[in-house]
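Morning, everyone. Please take a look at the structure on the screen, and then I'll walk you through it.

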Amino acid sequence: MTDADVIVVGAGPAGSTAAYHLARHGLRVLVLEKSQFPREKVCGDGLTPRAVKQIIKMGIDTDPAKGWLPNKGLRVIGGGVRLELDWPDLAAFPGYGLTRTRLDFDQLLADKATEAGAILKTGHTVTGPILDDDGRVVGVKATVNGEPLDFRATVTLACDGVSARLALAMGLNKRDDRPIGVAVRQYFHSPARHDDEYLESWLELRSKEGGEKLLPGYGWIFGLGDGRINVGLGVLNSSVAFGKTNYRRMLAEWLAATPAEWGASDPANADGEAQGAALPMGFNRVPHYTRGVLLVGDSAGMVNPFNGEGIAYAMESAELAAEIVVQALDRPEGPERERAFAAYGTELKARYGGYYRLGNQFVKIIGKPRLMRLVTHHGVPHPVLMKFVLKLLANLTEPRGGDAMDRVINAMTKVVPAA
């Protein structure tokens, strides 16, 4: 006897998206989430057109009247230049991005999953797998208010984010040869910046101390449309500062140097404390399918190494995982079904492998301050080059055809060996 056809561990963007697509195909889906909604998550709260496409697929209304703030593209600041780059005009993706806090974004997705028929149980902390005699996962162990419970299903999706608790319990450790970052963000009340039409990226961070000292890392300022901004910074493990820096103090140093009218330089305008989280990148946990478990989103290290974006890839991999599971469960139990499950890892590598390998090399390059300074000062002033960079960093190209930039980027990702 099973409690569901599929158990989904975690109700973040990966888990809720997977549950939505699985339930729509008529499967019995049980989602186990350790927190209660609404819940706060550390995130930049910015959604590129890749993520918007997935949101639209789930039937979510992105009208600004519903609490979304649309954006036209990315504003890049660095090398003494301020450059506004619109999202590319593509058939494959919408031409706008969005911002919305994770406080209610995750709940919107979870609500869509339950509307489709998934059963959501919050306050359920999954602690490990249940194994059969052959070592295959046939369910999960969980605790609710300290009480142990077991849940059984034919297949399990690990969508438990950066913690990857289920994967770790199965002995699937992260790969040290793949990049990882740390991000710190904080909310501020900012009437002057809250409704910005562009996401803003800072390639150079400076403090007032020591004659405008150059700080490690890269920053962002995203308007939320509700009187607040999300400001934060990220540092990659290719930087000598990684693991040796007080990131919250560094954020405060940078913000102290921003204009007073923005509101972020005054701690009195802060809405909550600065919070940080890890960014697992470039497939840093594999295999993506093993012994009845599919790793989805952050639990498999699917954050884009080029720009730190995780939500789009969590939702895309979740949709793919759901499609694979539906096809697999229609086959007889045994080798034929396992072949269908194994296609998940193969398809992920085909979609993202070459691109992530390029991103892994990019991380190594930008970890060298002298080289990055050279690129910033000589690259940012050239709009055509930066348009190409935007397409590359945001992974926004037409899959087939497109303009010359699209064809070059697509060729690059195919030539490079998959990560």
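Is the crossing of H2 and H7 left-handed or right-handed? It is left-handed. Keep in mind that this is a predicted model.

Let's stay with that pair. H2 covers residues 49-57, and H7 covers 311-329. Their axes come within 8 Å and cross at roughly 45°. That makes H2 oblique to H7. Who makes the contact? From H2 we have Arg-50, Ala-51, Gln-54, Ile-55 and Lys-57. They meet Ile-311, Ala-312, Tyr-313, Met-315, Glu-316 and Glu-319 of H7.

H7 has another partner, H8. That helix runs over residues 335-366. The H7 and H8 axes are 8 Å apart, and the angle is about 155°. Angles over 145 degrees count as roughly antiparallel. H7 and H8 are therefore roughly antiparallel to each other. Their crossing is right-handed. On the H7 side, the contact includes Tyr-313, Glu-316, Ser-317, Leu-320 and Ala-321. On the H8 side, it includes Arg-337, Ala-340, Phe-341, Ala-343 and Tyr-344. Note Tyr-313 and Glu-316 of H7. They are among the residues that meet H2, and they are also among those that touch H8.

Next, H3. It has 14 residues, 102-115. At 1.5 Å a residue they should span 20 Å, and the end C-alpha atoms are 20 Å apart, so the two agree.

Which residues of H3 are buried? They are Arg-102, Phe-105, Asp-106, Leu-109, Ala-110 and Ala-113. They cover an arc of only 130° around the axis, which puts them on the same side of H3. Look at the spacing. An α-helix has 3.6 residues a turn, so residues three or four places apart point the same way.

And what does that buried set pack against? Three helices are on the list: H1, H2 and H7. Two strands join them: S3, at 46-47, and S8, at 119-122. Just after H3 comes Gly-117, with a positive phi of about 120°.

On to H1, residues 13-24. How many of its 12 residues are buried? The count is 11, so H1 is mostly covered. Among the buried ones are Pro-13, Gly-15, Thr-17, Tyr-20, His-21 and Leu-22. The cover includes H2, H3 and H7. It also includes strands S1, S2 and S11. As for length, H1 reaches 17 Å from its first C-alpha to its last. That is close to the 16 Å expected. A glycine follows here too: Gly-26 comes after H1, and its phi is positive, near 90°.

Now the loops, and some backbone details.

Start with cis peptide bonds. One joins Phe-37 and Pro-38, with omega about -5°. Pro-38 sits in the loop between S2 and S3. Another runs from Val-286 to Pro-287, with omega near 0°. Pro-287 is in the loop between S18 and S19.

S19 itself covers residues 289-290. Thr-290 belongs to it. Is Thr-290 buried or exposed? Its relative accessible area is 17%, and buried means under 20%, so Thr-290 is buried. Leaving out residues up to four places away in sequence, Thr-290 touches Met-170 and Leu-172.

Arg-291 is partly exposed, with a relative accessible area of 32%.

Asn-145 also has a positive phi without being a glycine, near 55°. You'll find Asn-145 in the loop between S10 and S11. Its relative accessible area is 77%, over the 50% cut-off, so Asn-145 is exposed.

One last stop: Asp-176. It lies in the loop between H4, at 165-169, and S12, at 180-189. How many residues separate Asp-176 from Asn-284 in sequence? The answer is 108. In space, though, their C-alpha atoms are 7.5 Å apart.

That's my tour. Over to you for questions.

Methods
Residues numbered from 1 in each chain as written. Predicted model: local features only at pLDDT ≥ 70, side-chain atom pairs only at ≥ 80, totals over all residues. Heavy atoms only, no water. Helix = DSSP H or I, 4+ residues; strand = E, 2+ residues; numbered from the N terminus. Expected span 1.5 Å × (residues − 1). Buried < 20%, exposed > 50% of the residue type's maximum accessible area, 1.4 Å probe, protein only. Arc of directions from axis to C-beta. Contact = heavy atoms within 4.5 Å. Axes fitted to C-alpha atoms, helices over the stretch in contact; angles between N-to-C directions. Parallel < 35°, antiparallel > 145°, perpendicular 65-115°, else oblique. Left-handed = near helix turned anticlockwise from the far one by under 90°.
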